[in-house]
Amino acid sequence: MKKFLAFMILVSCLAFPAHAENVKYEYKVVSLGSLTSLQKSKEAVKKTEQVEELLNKYGAEGWELSEIFAVRTTFDPNVFFVIMKRRL
């Protein structure tokens, strides 16, 4: 019975770490703009470099990419946004 109890305590500590409930984040929505140019060979390298620079800038400030999504409109079906997060 003592071994089982010790095992259950160990499993609960691993499954529900005490610090996990205290972690708080702040979020930021960042527009990557239209990525239509990535489909065109002449502008693909330039646009890729711009996106990389933007993500690296936020990464240096402690932000990490949480999610990416596209907003589809009749004007441009490839406008992308990223949700960035960092610990408070």
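This is a predicted model: local features need pLDDT of at least 70, side-chain atom pairs count only at pLDDT 80 or more; totals for chains, interfaces and linings use all residues.

Residues are numbered from 1 along each chain as its sequence is written, and side-chain values use heavy atoms, with hydrogens and water left out.

Now switch to cartoon. You'll find two helices and three strands, running α-β-α-β-β along the sequence. These are DSSP runs numbered from the N terminus: H or I of at least four residues for helices, E of at least two for strands. Of the 88 residues, 16% count as buried, meaning under 20% relative accessible area, with exposed being over 50% and partly exposed in between (1.4 Å probe, protein chains only).

Next, select Val30, Leu32, Leu35, Val51, Tyr58, Trp63, Val82 and Met84: these eight make up the largest nonpolar core. Such a core is a set of buried Ala, Val, Leu, Ile, Met, Phe, Trp, Tyr and Cys residues joined through side-chain atoms within 4.5 Å. β1, α2 (41-60) and β3 each give two or more residues to this core. Zoom in on Tyr58: setting aside neighbours within four places in sequence, Tyr58 is in contact (heavy atoms within 4.5 Å) with Lys28, Val30, Trp63 and Met84.

Which two side chains meet in a salt bridge? Pick Glu26 and Arg86, at 2.8 Å, N to O. The rule asks for a side-chain nitrogen of Lys or Arg within 4 Å of a carboxyl oxygen of Asp or Glu, and by that rule the count comes to one. Glu26 sits in strand β1 (residues 25-34) and Arg86 in strand β3 (residues 79-87), so the pair links parts of the chain 60 residues apart. Both ends are partly exposed: Glu26 has a relative accessible area of 28%, and Arg86 has 25%.

Last stop: Lys85, also in strand β3. Lys85 is buried yet has no salt bridge; Glu64, the nearest side chain of opposite charge, is 4.5 Å away (Lys and Arg count as positive, Asp and Glu as negative; His and the chain ends are not counted). Beyond neighbours within four places in sequence, contacts of Lys85 include Tyr25, Tyr27, Trp63 and Ser66.
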